[in-house]
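Here is a note for a colleague who is opening this structure without having seen it before. Please read the points with the model on screen.

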Amino acid sequence: GAGFMLFNRYLSDLAPQWFGQPINMPWFDFPATQLLGIRSFPAGLINQIFAALLLPLILLFLWFLLYILLRRDWLAALAAALLIAVGASLAHKSLAAIPFALITGFLLVFVIYRYGLLALISTFAFNHLTVFFPLTSDFTAWYAADFVLALIISIALAVFGFYTSLAGQPLFGGAIPDE
């Protein structure tokens with residue numbers, strides 16, 4: 001999720017500035033309900049959870065369709081990554097963002113190919129929580145409560161994932177003596 005955010009959101013938007021062009025404006029539509037404050041958080045969270053479920057399923061369907069057409073797993077993965085990269089690069093106005101769109105496409109296909117659908121859903125959920133509930137270090141800002149709740153949910157999901165990945169084993173696996 002962090003790598004997806006880094007390449008798809010931050011570096012691809014900053015890349016034009018490195019070549020003397022104006023910075024890209026965000027391409028997504030920021031929901032106006034966020035302006036209502038903390039009371040709109042549950043509705044926004046549910047919308048982002050549905051989006052985080054739907055987009056990976058669309059990617060899996062696309063990959064499966066390409067696999068049926070191309071009959072090679074690696075060729076279908078390459079084609080899916082290139083299609084994602086084309087879609088991501090169309091969202092940017094500068095050619096400097098194309099390498100980051102390619103990295104994003106290959107990163108998403110790598111995650112679903114290597115780790116599976118649940119990992120890709122987690123990637124999108126983490127990304128959506130940071131996109132639609134903006135990051136801030138000013139906790140007096142009017143949107144800081146939404147950010148803090150999204151951050152708590154993200155950290156809780158990460159801790160739960162780490163805990164379940166241990167499958168009941170001790171945290172350090174006996175590396176620390178009992179005394």
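The points below go from the whole chain to its helices, and then to single residues.

1. Overall make-up. This is a predicted model. The chain has six helices and zero strands, and its pattern along the sequence reads α-α-α-α-α-α. Of the 179 residues in the chain, 34% are buried. Taking contacts between residues at least 6 apart in sequence, 65% join residues at least 24 apart.

2. Helix α2. This helix covers residues 41–70. Its 30 residues reach 43 Å from the first C-alpha to the last, close to the 44 Å expected at 1.5 Å a residue. Its buried residues are F41, G44, L45, Q48, A52, P56, L59, W63 and L66. The cover over the buried residues of α2 includes α3, α4, α5 (117–132) and α6 (144–166).

3. Helix α3. Residues 73–90 form this helix. Buried in α3 are A76, A77, A80, A81, I84, A85, A88 and S89.

4. Helix α4. This helix runs over residues 98–114. It has 17 residues and reaches 24 Å between its first and last C-alpha, close to the 24 Å expected at 1.5 Å a residue. The buried residues here are F100, A101, T104, G105, L108, V109, V111 and I112. After α4 comes G116, with a positive phi near 105 degrees.

5. How α2 meets α4. The two helices pack at an angle of about 80 degrees, and their axes are 11 Å apart. Angles of 65 to 115 degrees count as roughly perpendicular, so α2 is roughly perpendicular to α4. On the α2 side the contact is made by P56, L59, L60 and W63, and on the α4 side by L108, I112 and Y113. By type, the residues of this contact are seven nonpolar, no polar and no charged.

6. Aromatic pairs. How many aromatic pairs does a search of the whole structure find? The search finds three. In one of them, W63 and Y113 have ring centres 5.5 Å apart and planes at 50 degrees, so this pair is tilted. The pair joins distant parts of the chain, with W63 in helix α2 and Y113 in helix α4, 50 residues apart. W63 counts as buried because its relative accessibility is 12%, while Y113, at 48%, is partly exposed. F139 and F147 form another aromatic pair, which is stacked, with 6.4 Å from centre to centre and 25 degrees between the planes. Of these two, F139 is exposed at 57% relative accessibility, whereas F147 is buried at 8%.

7. F110. This residue is in helix α4. Is F110 buried, exposed or partly exposed? F110 has 43% relative accessibility and so counts as partly exposed. The C-alpha atoms of F110 and A81 are 8.7 Å apart, though the residues are 29 apart along the chain. A81 itself is one of the buried residues of α3.

8. R71. Which loop holds R71? R71 is in the loop between α2 and α3, just after α2. Its phi is positive, about 60 degrees, although R71 is not a glycine. Most residues other than glycine have a negative phi. R71 counts as exposed because its relative accessibility is 59%.

9. S40. This residue lies in the loop between α1 (2–18) and α2. Its relative accessible area is 5%, so S40 is buried. Between the C-alpha atoms of S40 and D146 the separation is 8.9 Å, and these residues are 106 apart along the chain. The range given for α6 is 144–166.

Key
Residues numbered from 1 in each chain as written. Predicted model: local features only at pLDDT ≥ 70, side-chain atom pairs only at ≥ 80, totals over all residues. Heavy atoms only, no water. Axes fitted to C-alpha atoms, helices over the stretch in contact; angles between N-to-C directions. Helix = DSSP H or I, 4+ residues; strand = E, 2+ residues; numbered from the N terminus. Parallel < 35°, antiparallel > 145°, perpendicular 65-115°, else oblique. Contact = heavy atoms within 4.5 Å. Nonpolar A, V, L, I, M, F, W, Y, C, P; charged D, E, K, R; others polar. Expected span 1.5 Å × (residues − 1). Buried < 20%, exposed > 50% of the residue type's maximum accessible area, 1.4 Å probe, protein only. Phe/Tyr/Trp six-rings, centres within 6.5 Å; stacked < 30°, edge-to-face > 60°.
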